[in-house]
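Here is a short report for a reader new to this structure. Look at the sequence and the model, then read on.

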Amino acid sequence: MIDIISETIQMAVICICEIAAIYDSRSVRSRMRLLYGLFLLSFFLGDLWWILDLVFYGGESGYSLIPYINWKVALLFLILMMQQYHGQPVFRKPVSWAQWIAPVFCGGMCAYYMTMGAYFDNALTAVLMSIIIWNAIHRLVEIRKGLTERKGDKLLCIAALVYCALEYAMWTASCMYYPLYNLYYVFDFMLSACFIIFVPAIRKAVEG
């Protein structure tokens, strides 16, 4: 029951954020806002599939893979959303050693999750999350070192890092036994709040 409640709350928050994004796009149309809307929509559909699976099949249906596909698509839209701002290739020469935290951390977590199976899913997730974290750190270092005049995406990069951190915290908590497993719901509620951070982050990025 708590799964359904937490996912329902998250869907409600996503809807509010979607409405806010649509309202903002009335005055200033941008591809970034479109990508943000698709990011939210993909995540929303993942949650919706997950709830339907829980309600009708107790999470044991043969369609339980569908939510994970939606959530992976959401990560793709987040990558495109961040890339839309600076217009640079996804893979760029690092400007700081800190960027190597991304593949090392994501690779280590991938190896841990693979001990429980789902090899392809975990490998794909590690690649996508590495790209997000790598680019977010890259931009933050550029801004801190004054290597760029465009600083509007600073909050967007921070929001992306918080999003990735909460996702990993949720996944790890879901691997734990009671009572540590309950931390999953705490991080899930925090992830819902994280979606709200993206609203002003996108607004600042669009304004430059």
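Q99 is buried, at 0% relative accessibility. Buried means under 20% relative accessible area, exposed means over 50%, and partly exposed lies in between (1.4 Å probe, protein chains only). Q99 sits in the loop between α3 and α4. Leaving aside neighbours within four places in sequence, Q99 is in contact with P94, W134, I137 and H138. Contact means heavy atoms within 4.5 Å. From Q99 to A136, the C-alpha distance is 8.7 Å, across 37 residues of sequence.

The model is predicted: local features need pLDDT of at least 70, side-chain atom pairs count only at pLDDT 80 or more, and totals for chains, interfaces and linings use all residues. Residues are numbered from 1 along each chain as its sequence is written, and side-chain values use heavy atoms, with hydrogens and water left out.

**Overall build**

The chain has seven helices and zero strands. Its pattern along the sequence is α-α-α-α-α-α-α. Helices (H or I, at least four residues) and strands (E, at least two) are DSSP runs, numbered from the N terminus. The chain has 208 residues, and 46% of them count as buried. Take the contacts between residues at least 6 apart in sequence: 77% of these join residues at least 24 apart. The chain exposes about 11100 Å², and carbon and sulfur atoms supply 70% of that area. Accessible areas come from the Shrake-Rupley method with a 1.4 Å probe; for residues, only the protein chains shown count as cover.

**The core**

The largest nonpolar core holds 58 residues. Such a core is a set of buried Ala, Val, Leu, Ile, Met, Phe, Trp, Tyr and Cys residues joined through side-chain atoms within 4.5 Å. Y36, F39, M81, Y163, F195 and F198 touch the most other members. Two or more residues of this core come from each of α1, α2, α3, α4, α5, α6 and α7. F39 touches A74, F77, L78, Y163, F195 and F198, not counting residues up to four places away in sequence.

**Pairs across the sequence**

C157 is in helix α6. C157 is buried, with a relative accessible area of 2%. Beyond residues up to four places away in sequence, C157 touches M82, A136, R139 and L140. I69 belongs to helix α3. I69 is partly exposed, at 48% relative accessibility.

| Pair | Apart in sequence | C-alpha distance |
|---|---|---|
| C157 and M82 | 75 residues | 7.7 Å |
| I69 and G46 | 23 residues | 7.6 Å |
| Q99 and A136 | 37 residues | 8.7 Å |

**The largest pocket**

How much space lies in the largest pocket? About 820 Å³. The search uses a 1 Å grid over the protein atoms alone and a 1.4 Å probe; a pocket is an open set of points with protein on both sides within 12 Å along at least five of seven lines, and lining residues have an atom within 4 Å of a point. Grid points are joined across faces, edges and corners, and a volume is the space filled by probe spheres set on the points.

The lining of the largest pocket has 28 residues, and Y68, W71, D121, W171 and S174 lie nearest its centre. Helices α1 (2–25), α2 (31–57), α3 (65–86), α5 (119–145), α6 (154–174) and α7 (183–207) each give two or more residues to this lining. By class, the lining has 16 nonpolar, five polar and seven charged residues. Ala, Val, Leu, Ile, Met, Phe, Trp, Tyr, Cys and Pro count as nonpolar, Asp, Glu, Lys and Arg as charged, and the others, Gly among them, as polar.

**Backbone details**

Most residues other than glycine have a negative phi, and most peptide bonds are trans. A118 has a positive phi, near 50°. A118 lies in the loop between α4 (101–114) and α5. A118 is partly exposed, with a relative accessible area of 49%. A cis peptide bond joins Y178 and P179, with omega about 10°. P179 is placed in the loop between α6 and α7.
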